[in-house]
Amino acid sequence: MTDKILLIEDDFVLRDNTAELLELSNYNVIKASDGKEGLKLAMTNPPDLIICDIMMPEMDGYEVLEKLSKNKKLKYIPFIFLSAKTEHQDVRKGMNMGADDYITKPFTEDELLSALKSRLAKASILAHKRNTIQYIEEDEEELRSLNDLKNFFDDYGEEFSYDKNEIVYSEGDHSNYIYLITEGAVKCHKLDDQGKELTIALYKEDDLFGYTSFTHNLPHKETATAIKNTQLMGISILQLSGILDNNHKVAIALIELLTDDLCNTKEQLLQMAYSSVNKKTANTIVQFAEHINRKPEDPIKISRSDLASVAGVATETFIRTLTNFKNEGIIKSEGRNIVVLDLERLKEIE
């Protein structure tokens, strides 16, 4: 069956030339001269893929994508932005809103057809997965616990890979995905007014993170960075919202997870406000030992500044305290790495 492409472009020359190119490649093309007309055509005659300009009269490309994403029947259609705007913020805005790809004018025939083929292939795979798991969304008791939800991530999530120190998402990006860490570790951090970094959360293998909201695509309030080579599985906010609507036990389990996160944050704030430097430093080493190592006694391969940002103390102060711990035989150094010699003594430091 020939794939149906909806082309929304206000420049009639580019629209006709692009349509002819696609038709010569055996695609069935539907043309629209503005966003309003394109949205109407998408609703009355749903295509297999949409190519849409950004700057258009009546309704721009961003608004078209936003309205499509709210329609249950149309939200999974692959969406490619086509625009002469090459500024980074425009690309980023489109992808954060959920666009599948972004092609800038002028483009080559190979660039256009390659993007179409890859996005149509991916859409076909995802559609098969959605059909396979449809019974899950219809059965209220199918997912009963966080473990069931994590298995759902493993089976049906999208895979992401990040190198050490690579950003997963930045503060202000829209939270399109909830993530499960299958390998590695991630820190979430913010900058204060003076540019000093504060790590507000650490996540290890089998942890969920990235949930600004479980039902709405809200901007992230922090930046997330891989602190070692990391593998993630992600499901979209839309998928998770559907799961929560039909699996109430999972919703309760996620509420409990949020409660635990809130308690941990309160505990961290109390330690930062009232604990001694020795206590803050010791607790930070214990946190990293338990979060990024399979065995707590393994070397902690992370910078002193990262450790200090979790403790909430100056790097110089943190390093002086490490020296004291080394002199007491609690830790030792292997190059730039810290090795915990006595985990129990660290936990008892006041």
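Student: Which residues does D163 touch, not counting residues up to four places away in sequence?

Tutor: This is a predicted model, and in it D163 touches A226, K228 and N229 once residues up to four places away in sequence are set aside.

Student: What share of the contacts in the chain with a separation of 6 or more comes from residues 24 or more positions apart?

Tutor: Such pairs account for 68% of those contacts. The chain in question has 13 helices and 15 strands, and buried residues make up 44% of its 350 residues.

Student: Why does T223 count as buried?

Tutor: The relative accessibility of T223 is 13%, and buried means under 20%, so T223 counts as buried. T223 lies in strand β12 (residues 223-226), and, leaving aside its neighbours within four places in sequence, its contacts include I167, Y169, S170 and E171, along with K187, C188 and H189.

Student: What makes the pair formed by the backbone nitrogen of E171 and the side chain of T223 a polar contact?

Tutor: The backbone nitrogen of E171 lies 3.1 Å from a polar atom of the T223 side chain, and the cut-off for a pair of N or O atoms is 3.5 Å, so the distance falls within the limit.

Student: Why is α2 called roughly parallel to α3?

Tutor: The axes of helix α2 (residues 35-44) and helix α3 (residues 61-69) cross at roughly 25 degrees and come within 9 Å. Angles under 35 degrees count as roughly parallel, and that makes α2 roughly parallel to α3. The crossing in which α2 passes α3 is right-handed. On the α2 side the contact is made by G35, L39 and A42, and on the α3 side by V64, K67 and L68; by class, these comprise 4 nonpolar, 1 polar and 1 charged residues.

Student: How do you know that helix α8 is mostly covered?

Tutor: Of the 10 residues in α8 (residues 237-246), 7 are buried, namely I237, Q239, L240, S241, G242, I243 and L244. At the start of this helix, a side-chain oxygen of S236 comes within 3.0 Å of the backbone nitrogen of Q239.

Student: Why do E58 and N165 count as exposed?

Tutor: Exposed means over 50% relative accessible area. E58 has 61% relative accessibility and therefore counts as exposed, and N165, at 53%, counts as exposed as well. E58 lies in the loop between β3 (49-53) and α3, whereas N165 is found in the loop between β6 and β7.

Student: What is phi near in E58, and what is it near in N165?

Tutor: Phi of E58 is near 70 degrees, a positive value in a residue other than glycine, and phi of N165 is near 75 degrees, again positive in a residue other than glycine. Most residues other than glycine have a negative phi, and most peptide bonds are trans.

Student: Which peptide bond is cis, with omega near -5 degrees?

Tutor: The bond from K105 to P106 is cis, with omega near that value, and P106 has its place in the loop between β5 (101-104) and α5 (109-132).

Key: Residues numbered from 1 in each chain as written. Predicted model: local features only at pLDDT ≥ 70, side-chain atom pairs only at ≥ 80, totals over all residues. Heavy atoms only, no water. Axes fitted to C-alpha atoms, helices over the stretch in contact; angles between N-to-C directions. Helix = DSSP H or I, 4+ residues; strand = E, 2+ residues; numbered from the N terminus. Parallel < 35°, antiparallel > 145°, perpendicular 65-115°, else oblique. Left-handed = near helix turned anticlockwise from the far one by under 90°. Contact = heavy atoms within 4.5 Å. Nonpolar A, V, L, I, M, F, W, Y, C, P; charged D, E, K, R; others polar. Buried < 20%, exposed > 50% of the residue type's maximum accessible area, 1.4 Å probe, protein only. Polar contact = N/O pair within 3.5 Å; in protein donor to acceptor, adjacent residues only side chain to side chain.
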